[in-house]
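Here's a quick briefing to read alongside the picture. Keep the view open and find each part as you go.

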Amino acid sequence: MQNKNVLITGGHGFLGSHLISHFESEGLIVKTLSRQNRSSNSYKWNIENRSIDTNAFHETDTIIHLAGSGIASKRWTSNYKKEILNSRIDSANLLFETLKSTKHNVRLLISASAIGIYGNSGDTWVEEDNHLADSFLTETCRKWEESALQFEKIGIRVVIVRIGLVLGKNGGVLPALALPIRFFAGAPLGDGNQYMSWIHVNDLCRMFSFAMNNEKMHGPYNAVAPKPVTHKEFIHKVASVLHRPIWPFHIPSFVMKMILGEKAEIVLHGQRVSCEKIRLAGFNYVHTDLDKVLTELV
């Protein structure tokens, strides 16, 4: 493996913690940027004050940029929508401006993005060059990716990982989706036909490693498993694993909008996302059978 020193922003969330364990198991030195010094390999930054401990870049050749306020953490008030967007763009801009003026050996930036960039695709398969209806999520993802691509101006290779619905234990989307089913309250949301393009967290971590070691990769790649399913299919599979029934009625879209507001698009919109580009680049999946994945995780 060519890359030996990795710096992760936003490394203390669900994906970040999995990536740290994954990279360390591969023998990499992993450092994090955080508001607090959490360990000897943790370095402080403050996005509002535009400050970074530049020691974080010493011998670093790869930056994994995950930082950003949680999309589903709070109701989408106008202030929180600004926070979601600005936390992603401002943190990328701070990294960019610092690297422009600091001696460093960074050769690669891998930035997270999301399949929400495709809007609500219905039955249509979407690939990396597709952009559909405008929404808050599509606009956020576009600006998020633009802030990452600027690193190409200073000679840094940029790979953007458009992450689907991540499945793993104790995190990702699965616990929230399984909870009502566990308590005999499972029912499809909306019409249930919205597609869920999912990926196992272990395959996602392997995809980051693959991008690090494949210098021909640049630009956006969809991080989803090969076989997306509809929301209705997904919750029936979860219910089967849990040996629980699913109610015969659907929870109407207007009810979800009353409860969640604009944020309801997270669960009511779906994307049927192709992974052909990453497969043609040579990536091989380990977890492609959703029934087996759910049995393992649930």
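Start with leucine 167, which sits opposite histidine 200 of strand E12. This is a predicted model, so keep that in mind as you look around.

- Strand E9 covers residues 165-168 and is linked to E12 by 3 bridges, with the two running parallel.
- Zoom out a bit and you'll see an open sheet of 3 strands, in the order E10-E9-E12, with mixed pairing.
- Its edges are strand E10 (171-172) and strand E12 (198-200), each of which pairs on one side only.
- Helix H5 packs on this sheet and touches both E9 and E12. The direction of H5 makes about 80 degrees with that of E12.

**Helix H1 on its own**
- Helix H1 takes up residues 14-25, so look for a run of 12 residues.
- From first C-alpha to last, H1 reaches 17 Å, close to the 16 Å expected at 1.5 Å a residue.
- Which residues of H1 are buried? They're Leu15, Gly16, Leu19, Ile20, His22 and Phe23.
- What covers those buried residues? The cover includes strands E1 (5-9), E2 (29-34), E5 (62-65) and E8 (157-163), along with helix H5 (201-213).
- Just after H1, have a look at glycine 27, which takes a positive phi of about 90 degrees.

**Where H1 meets H5**
- The axes of H1 and H5 come within 10 Å and cross at roughly 60 degrees.
- On the H1 side, the contact is made by Phe14, Leu15, His18, Leu19, His22 and Phe23.
- On the H5 side, you'll find Val201, Leu204, Cys205, Arg206, Phe208, Ser209 and Met212.

**Threonine 98**
- Now hop over to helix H2 (residues 78-100), where threonine 98 has its place.
- Is threonine 98 buried or exposed? Threonine 98 is buried, because its relative accessible area is 12% and the cut-off is under 20%.
- Setting aside neighbours within four places in sequence, threonine 98 is in contact with Ile52, Thr54 and Phe57.

Technical notes. Residues numbered from 1 in each chain as written. Predicted model: local features only at pLDDT ≥ 70, side-chain atom pairs only at ≥ 80, totals over all residues. Heavy atoms only, no water. Helix = DSSP H or I, 4+ residues; strand = E, 2+ residues; numbered from the N terminus. Buried < 20%, exposed > 50% of the residue type's maximum accessible area, 1.4 Å probe, protein only. Contact = heavy atoms within 4.5 Å. Expected span 1.5 Å × (residues − 1). Pairing = 2+ DSSP bridges. Axes fitted to C-alpha atoms, helices over the stretch in contact; angles between N-to-C directions.
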